[in-house]
Protein chains: 2
Amino acid sequence: MFANRLLVIGGVAAGLSAASRARRLDPNLHITVLEKGPHISYSACGLPYYLAGQVREASDLVVHDVAFFREQRDIEVLTGHEAVEIEVGRRRVRAVVGETGQEKAFHFDRLIVATGAISDFRFQIADCRTAFNANTLGGAMALQAFLSQAKPRQAIVLGAGYIGLEMAEALRTRGLDVTVLERSAEILEGFDSEIAGRVEAGMTAQGVLLLKGSPALAVKDGEVISEAGRHPADVVVVATGLQPNVGLAEGAGITLGRTGAVAVDDRMQTNLPGVYAAGDCAESVHLVTGRPVWIPLGTTANKQGRVAGENAAGGNARFPGVVGTMVTKVFGLECARTGLSEAQASGYRAVSATIEHVTRAHYLGGQKIVVTLIAERGSGRLLGAQMAAAEGAAKRIDVLATALHARMTVEQISNLDLSYAPPVAPVWEAVLIAAQNLLKQL
Amino acid sequence: MFANRLLVIGGVAAGLSAASRARRLDPNLHITVLEKGPHISYSACGLPYYLAGQVREASDLVVHDVAFFREQRDIEVLTGHEAVEIEVGRRRVRAVVGETGQEKAFHFDRLIVATGAISDFRFQIADCRTAFNANTLGGAMALQAFLSQAKPRQAIVLGAGYIGLEMAEALRTRGLDVTVLERSAEILEGFDSEIAGRVEAGMTAQGVLLLKGSPALAVKDGEVISEAGRHPADVVVVATGLQPNVGLAEGAGITLGRTGAVAVDDRMQTNLPGVYAAGDCAESVHLVTGRPVWIPLGTTANKQGRVAGENAAGGNARFPGVVGTMVTKVFGLECARTGLSEAQASGYRAVSATIEHVTRAHYLGGQKIVVTLIAERGSGRLLGAQMAAAEGAAKRIDVLATALHARMTVEQISNLDLSYAPPVAPVWEAVLIAAQNLLKQL
């Protein structure tokens, strides 16, 4: 019936970026988006702020609704439609409609897989009335309702990655007693101990209990059982980590990479002709190492979606890759990283320098900022950077992200003409001082 | 008597950076700094905040005192010592000591000229009790005393560059009625009208009167006379602009560049052997145009001073140049620029795109930010950028400053992996959206 049918599986971030971009390139394409859940086009990164009460309504996190896509962009978005099989040979996707259990088939000429990521938690919580998986809008709304109605006092958060810490802070902000159980010996994966240690201090200062090396063994109503023992809990939030949601792709013969996510080229094309993948289910190239990585983040998802959508509509866009930029604001501290951490740089002849400086002129209330730069001995090339400060760390990391894209040396960084005015920066930026210090070791 | 005597003329920023760096390289050097004024090592950029009352004591702006340099760094800093002649052949500088008028000679093996910048105001205000030149700590302290004691109500600021605007805002903050007289038709030189217009709107909103195209013809106690007429004034602040203070250098046969500032190579060496120049009296290379420029700023002064000091002590440091990064916070708006403005890029086949976006997630109170990117048609190379926002513009410009250092194209910028978290950034950074828009025109 249609000359050119684009089907997109996934309607949170990458899938809708892809659909929107495809529409812009080709007004005649027939575009359908299948989303298994009830919600589309929302900011998953905003969920902790919704739970903390800083965002009044869940709907404030929603960017566009189904009607917007239908009326403004001529894109049909079907919620409650769970794709269950990609039939490659027949160029169609079978989906189950949530409410009725009815099955439908959607034919495609081009397909974009944007199935996202799912929790890596191995234990069943579906039957548990007091445990929540808060990385979807639906999950967060259920948790919100439970917090308001049951008024739990003791919360346990499973996982001390950035999402777990943001959730822990949100619950603490609401006045709950919060314990965080982390299976590994470290918190805030991807950050070195210099910064993770400061976050731990911030957690303690705000009365949050952290138990490291404590993998959860079971979650029940009223308690969590870990190797350390039984932990009473009025409410449990699961934030142990994510894994790419690739069952559907794998079942269709789409090749996965060594990271476990869908392998794609720089046009976001999979091994199957006309089938693209984008967002949290897909790999990227790490521009520092040149190797595929899986770093599920909203920024990357949107960029990949845009490229997949353009190419699926006959364009020729490329997504060169990422440098691993990530930022979180937890317990009063903006923590930012890009490139390789010291741990990740162990395969290089890496040297690092950590310095403390200020975010603004001291006489206008400058806050302490800690900066670590990591570089390769010999070449002097920057490999990575980390920062933390009560203010101004998040956007400062972008200078080093840009430097990584440009493969700059530490000496080049030490000469950067960065902005200065007393209310916003000190005359010597912390980055420049860190670069000067690191230069001495190179 | 001393094997190696380093003499530095100027003790505010570049001169002391140079002296400190030289000391670090050579513990045996005999280092003397001559400063004509009574104050050393202070933040001239902090003066408006001192006048606004945001910095309590003038001494808060002082980084180190003479005793610090003597005791901690073995550097002799002589205040009230005005260098009046560089006798190149005799390798000495003649200076007049302020209090006594006594003359002294200082021999040198290496000399660093860091005489800074002076006001370009052509009219005499020395005899005028109510007019102040507020770009030195002494001048600002005199103005501060006058404001406290005479309690003037009507202020006139001459000049609507960033210093004039910062001064106007400071006086307005203190409750004065403020009129700004600007000789040209534009305010905030170096910024294009998109941003300058927003600052004008901010001035109006805060009740500051701006008269453009109104060069002052005379300043008297009680009034300023401009082409537009007579303007009653209880207090006048002169902030018309700066020029390099090069009389001493010129008298010694030191070559000036076409900008009027001292010509230097990338080691900050002048045409005379063993004689360096650094800071607001010296040129830099603009890394976008490849041409010498004179952009007097504290960041550049400190970097140049560091390089001059290292080389004067026998090291081999280089200062590659600047990209014209500048930021000011005036009337509630952070205004930031780097590279060439649209006006400055007129010699290129320049195209630009201006977009509006937000500084953070809209649901966490993101503020409006305007971003202009300017690029060269054909090559696609970034030429410059400007931004303004109530928050977060200053440090965001550094991404584009870094991109200019790396000679990045707009396409490369559109793919930058920049940081995102709802409290600090939107998922699509304004810079990326601006780059996407500009790409369409390239």
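Modeller: B:Ser41 lies in the loop between strand 2 (30-34) and helix 2 (47-51) of chain B, where helices (H or I, at least four residues) and strands (E, at least two) are DSSP runs, numbered from the N terminus. Before going further, note that this is a predicted model, in which local features need pLDDT of at least 70 and side-chain atom pairs count only at pLDDT 80 or more, while totals for chains, interfaces and linings use all residues. Residues are numbered from 1 along each chain as its sequence is written, chains are lettered from A and ligands numbered from 1 in the order in which they are written, and side-chain values use heavy atoms, with hydrogens and water left out.

Although B:Ser41 is not a glycine, it has a positive phi of about 50 degrees. Most residues other than glycine have a negative phi. With a relative accessibility of 6%, B:Ser41 counts as buried, a word that stands for under 20% relative accessible area, whereas exposed means over 50% and partly exposed in between (1.4 Å probe, protein chains only). B:Met268 sits in the loop between helix 7 (247-251) and strand 18 (275-277) of chain B, and at 1% relative accessibility it counts as buried.

Still in chain B, strand 22 (residues 333-339) contains B:Thr338, which is buried at 0% relative accessibility. The side chain of B:Thr338 makes a polar contact with that of B:Thr325 (2.9 Å); a polar contact is a pair of N or O atoms within 3.5 Å, and within protein one must be able to donate a hydrogen and the other to accept it, while residues adjacent in sequence count only if both atoms are side-chain atoms. Leaving aside residues up to four places away in sequence, B:Thr338 touches several others, among them B:Val323, B:Ile397 and B:Leu404, contact here meaning heavy atoms within 4.5 Å.

Chain B also has B:Arg21, which forms a salt bridge with B:Glu310, the closest N and O atoms being 3.0 Å apart; a salt bridge is a side-chain nitrogen of Lys or Arg within 4 Å of a carboxyl oxygen of Asp or Glu. B:Arg21 belongs to helix 1 (residues 14-25) and B:Glu310 to helix 8 (residues 298-312) of chain B, so this pair ties together parts that are 289 residues apart in sequence. Both B:Arg21 and B:Glu310 are buried.

Over all chains, the structure holds 38 salt bridges. In chain A, the side chains of A:Arg198 and A:Glu356 meet in one of 3.0 Å, N to O. Because A:Arg198 lies in helix 6 and A:Glu356 in strand 23 (residues 350-358) of chain A, the pair ties together parts that are 158 residues apart in sequence. A:Arg198 is partly exposed, with a relative accessible area of 23%, and A:Glu356 is also partly exposed, at 44%.

Helix 6 of chain A, which covers residues 193-205, can be read face by face. A:Ile195, A:Ala196, A:Val199, A:Gly202 and A:Met203 are its buried residues. Seen down the axis of helix 6 of chain A, these buried residues fall within an arc of 115 degrees, so they line one face of the helix; the arc is that of the directions from the helix axis to the C-beta atoms. On the other side of helix 6 of chain A, A:Ser193, A:Thr204 and A:Ala205 are exposed.

Where chain A meets chain B, 56 residues of chain A are in contact with 55 residues of chain B. The area buried between them is about 4,900 Å², with carbon and sulfur atoms giving 64%; buried area is the accessible area (1.4 Å probe) that two parts lose on being put together, summed over both. A:Tyr363, A:Lys395 and A:Asp417 supply 16% of the area that chain A buries against chain B, more than any other three residues. Between chain A and chain B there are two salt bridges, and the side chains of B:Glu429 and A:Lys395 meet in a salt bridge of 2.6 Å, N to O. The elements giving two or more residues to the side of chain A that touches chain B include helix 8 (298-312) and helix 9 (393-405) of chain A. Helix 9 of chain A gives the largest share of that side, 10 residues.

Conventions
Expected span 1.5 Å × (residues − 1).
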